[in-house]
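Subject: Handing over the two-chain model

Dear colleague,

Please find below the structure that I promised to pass on to you. My notes on what was found in it follow directly after.

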Amino acid sequence: MPVDARQPVDEGSAVIRDLYKRDGRRVYAALVRLLGDFDRAEEATQIAFLAAASRWPAEGVPRKPVQWLISAGRFRMIDQMRRDRRMTQWSDEAERAVERLELQQDPETIEDDRLRLIFTCCHPSLSEEAAVAMTLREVCGLATEAIASAFLVAPPTLAQRIVRAKSKIRDACIPYEVPDTDELPRRLDRVLRVVYLAFTEGHSSSGGENLVQADLMAEAIRLGRLILKLLPEAEVQGLLALMILQHARHAARMSPGGDLIPLDEQDRGLWDHAAIAEGAEHARQALLSGRSGPYTLQAAIAASHAEAPRFEDTDWAEIAGLYAALLRIEPSPVIALNHAVAIAMRDGPETGLALIEPLLQADRLGRYHLAHAARADLLRRMGRTDAARQSYETARDLATQEAERRFITRRLAEIGP
Amino acid sequence: MKYLCLVYLDRENWSSCPDAVCADYVQHLVENGNFVAGDPLHPVESATTVRVRNGKTQLYDGPFAETKELLAGYYMLDARDLNDALRLAAGIPPAKYGSIEVRPVRQLDLGDTISDSQS
């Protein structure tokens, strides 16, 4: 490996620390391919960075540090595997591992390794919760404790989830590969769903209270950027846009006391307008590609809301149209509800109510507190206070989160006795 | 006449029977000409269930917990990896009507004398 001795390494090894933060998971992803095992690759990654810390200060930083680390990790790991007495009965596997060393190691392969890692962690044979945990742990490199804290589960429970997922990948022989063209759309759906689940776990939490959950949003957005770079598909861009736009408004959606603030009452000065511009641009590009799907349409809706200077400026005709398009490709009752609310804003509460009533009859929305809250809002605007109060009460009784219950209680107090 | 004998074990007794005992019995069956194919499976956590509905392949983590569905047959497949096996399983005709549980076969763990063990 060529070494550029002109670039010195300072005593604090800041170069190595930065490299670990930026490229540690790239090195790891390549080592998973080369060593064929998650745990061995994790160990080899640590060994490689330790080797760098001991050699670079004297020898200088190699010209291709990531490749150097991958080489160091695999050679030292193979040495260790050979020394390991248990490996004597594993000679075939050790030899196969050595053979893999001969494989070409061009930068493109290394980039693909990260995508291989993502698709493996999000394989549909793993449960969604296992896939989310695996992706955050293996792809993003988050500590098990941090993920456990964000998902409000005990660290041993989460560690166990990861161990089981790794066993399944090994035992069932889930391959380390990017799916071929036929399989890609379906498999990508799963990847995007896992990324969005990680994001919403951070988003639905009360802002500021739990820093780990705020990190989760940032991490999911970083992951979205990475996937978009590796796999520039419209829906990847759509999901990235959606996450950026939701994150941009995050600071305004909760009061300091932890109360939910509805869109019409949010302080738009608290929104991150630079992020909104970026998210809206991603949404626009994804929409223009002509291959957009549900994430792109949701992002376009979020962009439309976010770009209105005041609530009164909201373009409800555009939003209703986007919901109608979304409803065509994803006919879910919750989307139908949002569509009805947009229609109510465009054409008046009576029209919206006529759309919401049949949705509430269907049992799937009958127990959804937001559906009753939406009905109550429309009744309130129509001046039917008694009926509105009744609907708010139903909504309050069905709400599961404390902040949601407080919000509905506040609305009840506003309409008076 | 061939008979498929399915071994059911609860979690408590999953590892109760030593693999060496099973290997001896297989040897006995082979010697008497009764053995066609037989293997132990990895635990149910390693299973993936495949269904095909409206031409779309749906994959589920774990066994499909539909007690209504009863075992109706089996295929022993030789596939490159799980993705290959799932592709082949999706092609099994009854996948359109019921579900196919895909379980990786493991090798008997007979210690140092024969290769393969868990790390």
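**Chain B: strands and sheet**

Strand E1(B) is mostly covered, since 5 of its 6 residues are buried, where buried means under 20% relative accessible area, exposed means over 50%, and partly exposed lies in between (1.4 Å probe, protein chains only). Helices and strands are DSSP runs, helices being H or I with at least four residues and strands being E with at least two, numbered from the N terminus.

Before going further, please keep in mind that this is a predicted model, in which local features need pLDDT of at least 70 and side-chain atom pairs count only at pLDDT 80 or more, while totals for chains, interfaces and linings use all residues. Residues are numbered from 1 along each chain as its sequence is written, chains are lettered from A and ligands numbered from 1 in the order in which they are written, and side-chain values use heavy atoms, with hydrogens and water left out.

Chain B contains 2 helices and 3 strands, and along its sequence these follow the pattern α-β-β-α-β. Of its 119 residues, 24% count as buried. The 3 strands of chain B make an open sheet in the order E2-E1-E3, with antiparallel pairing; two strands are taken to pair if DSSP finds at least two bridges between them. Strand E2 (56-61) and strand E3 (100-102) of chain B are at the edges with a single partner strand each, so one side of each has no neighbour in the sheet. From one strand to the next, the twist averages 30°, an angle taken between N-to-C directions on a scale from 0 to 180 degrees, with axes that are lines fitted to C-alpha atoms (for helices, over the stretch in contact).

E1(B) and E2(B) pair in the antiparallel sense over 6 bridges, and Thr48(B) stands opposite Asp61(B) in E2(B). The pairing of E1(B) with E3(B) is also antiparallel and runs over 3 bridges, with Thr49(B) opposite Glu101(B) in E3(B).

**Salt bridges**

Over all chains, the whole structure has 37 salt bridges, each being a side-chain nitrogen of Lys or Arg within 4 Å of a carboxyl oxygen of Asp or Glu. Arg25(A) pairs in this way with Glu42(A), the closest N and O atoms being 3.3 Å apart. This pair links distant parts of the chain, with Arg25(A) in helix H1 (residues 14-35) and Glu42(A) in helix H2 (residues 38-59) of chain A, 17 residues apart. Both Arg25(A) and Glu42(A) are buried, and they belong to a network of salt bridges that also links Asp39(A), Arg137(A), Glu138(A) and Lys166(A).

A salt bridge also joins Arg410(A) and Glu414(A), with the closest N and O atoms 3.7 Å apart. These residues are separated by about one helical turn, because Arg410(A) and Glu414(A) are 4 residues apart in helix H20 (residues 402-415) of chain A. Arg410(A) is partly exposed at 32% relative accessible area, and Glu414(A) is partly exposed at 49%.

**An annotated stretch of chain A**

An unreviewed UniProt entry lists residues 118-169 of chain A as "domain: RNA polymerase sigma factor 70 region 4 type"; UniProt positions are in the numbering used here, feature names are shortened, and annotations may be inferred rather than shown by experiment. Over residues 118-169, chain A is 73% helix and 0% strand, and the end C-alpha atoms are 13 Å apart.

With best wishes
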